[in-house]
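Please look over the model below. The notes that follow cover its charge pairs, rings, surface and confidence.

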Amino acid sequence: IPLTSGTSFPEFRGGGRDLDQFITISETHIISPSMSNTARLAFSRTNFGSFPIGVGSLPAGIEPFIAGRPFGFFSITNFTSVGNGRLVGPPDSLHLQNIYSFGDDLYYQRRKHSLRFGTLLNRFNEALTVPVNYEGSASYSSFANFLQGIPLSYGGPLTGSDINRYFLYYTLGFYAQDDYHITSRLTVNMGLRYEFMTTPREVEGRQYAIQNLTTDSTVLPGGELAAWTPGPVMQNR
């Protein structure tokens, strides 16, 4: 049953939903008196989302930063930021992760040696919907500039920006271990494990990264680093 709360983010007037699911199938096979094998298939899903809680509507004469969206927030140097973008509410955020796992462990007893060999393979699928700065924001260097409507910066996702991302990556681990029973009172544990993960990639090619640290002034499409971004951003200075 989904867990729903209206106080997950009280400072942002938001709530949260959470639904986690797990299942594992395991089979142990006795190959011989000295050898056995255990195989496992597992699936786990963590599904957390947040939603805004409406607190009213904009007063007459106050326009949002981006037409058709809730009022965002603005800041003035040396003053507390104003606005939280939760008057009507942007799209709900989503953090969904599916993990598909396969593990296998082989146990072998030979004289004083208890040997183990195994692997653990994971496939991670992540779906994100994050309305970053969805309502727009502005900053002012002084109160005088605020009164004159001269922002230092103004930005937000353009209309039609895709705020959904679907990432995929794998982790692969392999190990070998030997419990060497030298005497009834002394056992030496020896082992080696090798584990790595692949580079996360956005399934539909919507990933951005700084391609060249010395020449690029902003993130660009593609690249090995899967840095999340909501798409084109309008920015004036």
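Which side chains does Arg-193 or Glu-195 meet in a salt bridge? The two meet each other, at 2.9 Å from N to O.

## Basis

This is a predicted model: local features need pLDDT of at least 70, side-chain atom pairs count only at pLDDT 80 or more, and totals for chains, interfaces and linings use all residues. Residues are numbered from 1 along each chain as its sequence is written, and side-chain values use heavy atoms, with hydrogens and water left out.

## Salt bridges

The structure holds 2 salt bridges (a side-chain nitrogen of Lys or Arg within 4 Å of a carboxyl oxygen of Asp or Glu). Side chains of opposite charge can pair when their charged atoms come close. In the Arg-193 and Glu-195 bridge, Arg-193 is partly exposed at 44% relative accessibility. Glu-195 is partly exposed at 47%. (Buried means under 20% relative accessible area, exposed over 50%, partly exposed in between, with a 1.4 Å probe and protein chains only.)

Asp-105 bridges to Arg-40, with the closest N and O atoms 2.7 Å apart. Asp-105 sits in strand E5 (residues 93-110) and Arg-40 in strand E3 (residues 35-52), so the pair ties together parts 65 residues apart in sequence. Strands are DSSP runs of at least two residues, numbered from the N terminus. Asp-105 is buried at 8%, whereas Arg-40 is partly exposed at 28%.

## Aromatic pairs

There are 5 aromatic pairs (ring centres of Phe, Tyr and Trp, its six-membered ring, within 6.5 Å; planes under 30 degrees apart are stacked, over 60 edge-to-face, the rest tilted). Tyr-140 and Phe-146 are edge-to-face, at 5.3 Å centre to centre and 80 degrees between planes. Tyr-194 and Phe-196 have ring centres 5.5 Å apart and planes at 40 degrees, so this pair is tilted.

Tyr-140 is buried at 11%. Phe-146 is partly exposed at 26%.

## Nonpolar surface patch

A nonpolar surface patch has about 760 Å² of accessible area together. Its members include Ile-23, Leu-41, Tyr-194 and Phe-196. Strand E2 (14-32) and strand E10 (186-197) each give two or more residues to the patch. Ile-23 is in strand E2. Tyr-194 is exposed at 53%, and Phe-196 is partly exposed at 32%.

Patch residues have over 30% relative accessible area and no salt bridge; nonpolar side chains (Val, Leu, Ile, Met, Phe, Trp, Tyr) are joined within 5 Å, like charges within 9 Å. Areas use the Shrake-Rupley method with a 1.4 Å probe.

## Confidence

Mean pLDDT (the predictor's confidence in each residue, from 0 to 100) is 79, and 76% of residues reach 70 or more. Over residues 4-9 the pLDDT is below 50.

Technical notes: Helix = DSSP H or I, 4+ residues; strand = E, 2+ residues; numbered from the N terminus. Contact = heavy atoms within 4.5 Å.
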